[in-house]
Amino acid sequence: MPPLSAIRICAAAALVFAVLPTLAENFNPPGGLNYAHTSGNVTILPGGRALKPLGNQIDVGPGAFGLAISPKGLIGIAETGFERFGVSVIEPRKGEWRERLFWAASNDDDSDNADPKSKSKAPKPARPSDRWTSVSYGVAFDSEKDIWVSEGDSGKVRLLDTGNGARRHMVDINSDQVHNSYTADLAIDPVRHILYVLDQANERLVLIDTVKYKVLSSVATGHMPVTVALSPDRNTAYVANIGMFRYHALPGIEDRSHALPFPALAFP
């Protein structure tokens, strides 16, 4: 009969070999052989891992990029496309979410109702100057019934009805002295009735009177401003700049960088 120690070693080895197949199975991705897809509240990633976010998920339009929340909890989302632009307004109601999606006009809206068999060469009607065709990521609530949206390269900001998406007002920040504006991030002071608009193309912060719907003034920012926020007392506006070849060291820190102050190749 073999010694007791040898029996213990053999038993331990048998246990290891019995457990190894089970341990090996744990290295398989939870998605198994499933392809990457979303089903219900579970998303299978390309690597086979399963993503199960906490809380509820709400599907919105394409390119959700800007977010604003009203004092009473309405959620506004600016959707920057890729095929179409829009704005979602999401409202909490008795344990569920009600979503309203408002689409900007697409480039082929003029022909949506045309007869495809018609060979008429009559000219298309002129598009109105206030036609809404684009959305950037700027979005801000003026009230529970109104939401401001940046249009991007049109240089305009538009005030929409949160109930039906109808246009209430529109302000163009271009002028005789300033052209080709690109309206981006927004911040709003509901007490002083001032809308702060970042103009990325002209690197400035524009102030708009939300009662008279006109531009009050503008101030230069750093290079390529990307976002704006107001202090709690709304006396100070903070602007974050992407920089892009114009970075500065923080005060009190020796600048030892040797980065190029210009693009080395074609940009963008």
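## Polar contact of Asn164

A polar contact is a pair of N or O atoms within 3.5 Å, one of them able to donate a hydrogen and the other to accept it within protein. In this predicted model, a polar atom of the Asn164 side chain lies 2.9 Å from the backbone nitrogen of Ala166. Asn164 itself sits in the loop that runs between β10 (156–161) and β11 (167–172).

Val89 is 75 residues away from Asn164 in sequence, and the C-alpha atoms of the two are 9.9 Å apart.

## Overall architecture

The chain contains 17 strands and one helix. Of its 268 residues, 31% are buried. The chain exposes about 17,900 Å², and carbon and sulfur atoms supply 57% of that area.

Among contacts in the chain with a separation of 6 or more, 34% are between residues 24 or more positions apart.

## Aromatic pairs

Two aromatic pairs are present in the structure. One of them consists of Phe65 and Tyr137, with 5.5 Å from centre to centre and 65° between the planes, an edge-to-face arrangement. Phe65 belongs to strand β4 (residues 64–69), while Tyr137 is in the loop between β7 (96–103) and β8 (139–141), so the pair ties together parts that are 72 residues apart in sequence. The two partners fall into separate accessibility classes: Phe65 is exposed, with a relative accessible area of 58%, whereas Tyr137 is buried, at 15%.

The other pair is Trp148 with Tyr213; the ring centres are 6.2 Å apart and the planes stand at 45°, so this pair is tilted. Trp148 is in strand β9 (residues 146–150) and Tyr213 is in the loop between β14 and β15; the two residues are 65 apart, and their pairing links distant parts of the chain. Trp148 is buried, with a relative accessible area of 0%. Tyr213 is partly exposed, with a value of 26%.

The relative accessible area of Thr210 is 6%, under the 20% cut-off, so Thr210 counts as buried.

Apart from neighbours within four places in sequence, Thr210 is in contact with Asp142, Trp148, His193, Ile194 and Leu195. One of these, Trp148, is the buried member of the tilted aromatic pair.

Glu203 is placed in the loop between β13 (194–199) and β14. Its relative accessibility is 22%, which makes Glu203 partly exposed.

The side chains of Glu203 and His223 are joined by a polar contact of 2.4 Å. These two residues are 20 apart in sequence, with 6.3 Å between their C-alpha atoms. With residues up to four places away in sequence left out, Glu203 touches Ala220, Thr221, Gly222, His223, Met224, Pro225 and Arg246.

## Asp185, a buried acidic residue

Asp185 is part of strand β12 (residues 183–189). Asp185 is buried but has no salt bridge. The nearest side chain of opposite charge is that of Arg204, 15 Å away; a salt bridge would require a side-chain nitrogen of Lys or Arg within 4 Å of a carboxyl oxygen.

The Asp185 side chain does reach the backbone nitrogen of Val228, at 2.9 Å. Beyond four places in sequence, the contacts of Asp185 are Tyr137, Gly138, Tyr196, Val197, Leu198, Val226, Thr227 and Val228. Among them, Tyr137 is a member of the edge-to-face aromatic pair with Phe65.

## Ala229 in strand β16

Strand β16 (residues 225–230) includes Ala229. Ala229 counts as partly exposed, with a relative accessibility of 39%.

Setting aside residues up to four places away in sequence, Ala229 touches Thr236, Ala237 and Tyr238. The C-alpha atoms of Ala229 and Tyr196 are separated by 9.0 Å, although the residues are 33 apart along the chain.

Methods: Residues are numbered from 1 along each chain as its sequence is written. This is a predicted model: local features need pLDDT of at least 70, side-chain atom pairs count only at pLDDT 80 or more; totals for chains, interfaces and linings use all residues. Side-chain values use heavy atoms; hydrogens and water are left out. Helices (H or I, at least four residues) and strands (E, at least two) are DSSP runs, numbered from the N terminus. Buried means under 20% relative accessible area, exposed over 50%, partly exposed in between (1.4 Å probe, protein chains only). Contact means heavy atoms within 4.5 Å. Accessible areas come from the Shrake-Rupley method with a 1.4 Å probe; for residues, only the protein chains shown count as cover. Rings of Phe, Tyr and Trp (its six-membered ring) pair if their centres lie within 6.5 Å; planes under 30 degrees apart count as stacked, over 60 as edge-to-face and the rest as tilted. Lys and Arg count as positive and Asp and Glu as negative; His and the chain ends are not counted.
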